[in-house]
Amino acid sequence: MQLIKEGVTKIEDLELEPESNIWHARNVWLFSFYFAGIRIRDVIEMKWSDFKDQRLYYVMRKSEKPVSLKIPKKADKILSLYKGKENCGYVFHLLNNVSLKDKRDIFRKAEVHLDLIINT
C-alpha cells in the first residue's frame with residue numbers, strides 16, 4: 001500500500017506545463033483515482049451538471065448503474081482548476097467542440113482522449 005501512496009504522490013507532485021495535454025491527462029487520471037477508480041471513460045464524459053451539493057451523481061457507462069459519491073477534497077481541488085471554463089458542459093476540456101447531439105462524435109472524441117491518457 002505504501003508503494004501505491006508514494007507513486008501517487010510522485011504523480012501529484014509532477015511539475016507540468018498548465019493546460020498541456022499531459023497536465024490534463026494527469027488531472028483526469030488523479031480524478032479517477034480519488035474517486036476510487038471511476039473508469040477514465042466516465043471521467044472524460046463527466047459534466048458539471050453531474051455535481052450537486054458536494055456529491056457526484058452519474059450513471060456508470062459500463063453497467064448503467066446510478067452512483068452517488070461524496071466529492072473527495074483532492075478531487076474538488078482538481079475541479080477548481082476547471083471551474084469557469086466553457087467546455088460544452090463537460091468538466092474536462094477533452095470533449096470541446098463535440099456535436100452534443102451526435103453520440104458517435106462524442107464516442108470518437110472520447111476514445112481518442114482515452115487512448116492518449118492510457119498511453120501517457
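1. A search of the whole structure finds eight aromatic pairs (rings of Phe, Tyr and Trp, the latter by its six-membered ring, with centres within 6.5 Å; planes under 30 degrees apart are stacked, over 60 edge-to-face, the rest tilted). The rings of Phe 31 and Phe 51 have centres 6.4 Å apart and planes at 70°, so this pair is edge-to-face. Phe 31 belongs to helix α2 and Phe 51 to strand β1 (residues 51–52), so the contact ties together parts 20 residues apart in sequence. Helices (H or I, at least four residues) and strands (E, at least two) are DSSP runs, numbered from the N terminus.

2. Both Phe 31 and Phe 51 are buried, that is, under 20% relative accessible area with a 1.4 Å probe, protein chains only. Phe 31 also forms an edge-to-face pair with Phe 92, at 5.4 Å centre to centre and 75° between the planes. Phe 92 lies in the loop between α4 and α5 (103–118), so this pair joins parts 61 residues apart in sequence. Phe 92 is buried too.

3. One aromatic cluster is formed by Trp 23, Phe 31, Phe 35, Trp 48, Phe 51, Tyr 82 and Phe 92.

4. Strands β2 (residues 55–59) and β3 (residues 66–70) pair in the antiparallel sense over five bridges; pairing requires at least two DSSP bridges. Leu 56 stands opposite Leu 69 in β3. Six residues separate the strands of this hairpin, and Glu 64 in the turn has a positive phi of about 60°.

5. On reading the numbers: this is a predicted model, where local features need pLDDT of at least 70 and side-chain atom pairs 80 or more, while totals for chains, interfaces and linings use all residues. Residues are numbered from 1 along each chain as its sequence is written, and side-chain values use heavy atoms, leaving out hydrogens and water.

Methods:
Buried < 20%, exposed > 50% of the residue type's maximum accessible area, 1.4 Å probe, protein only.
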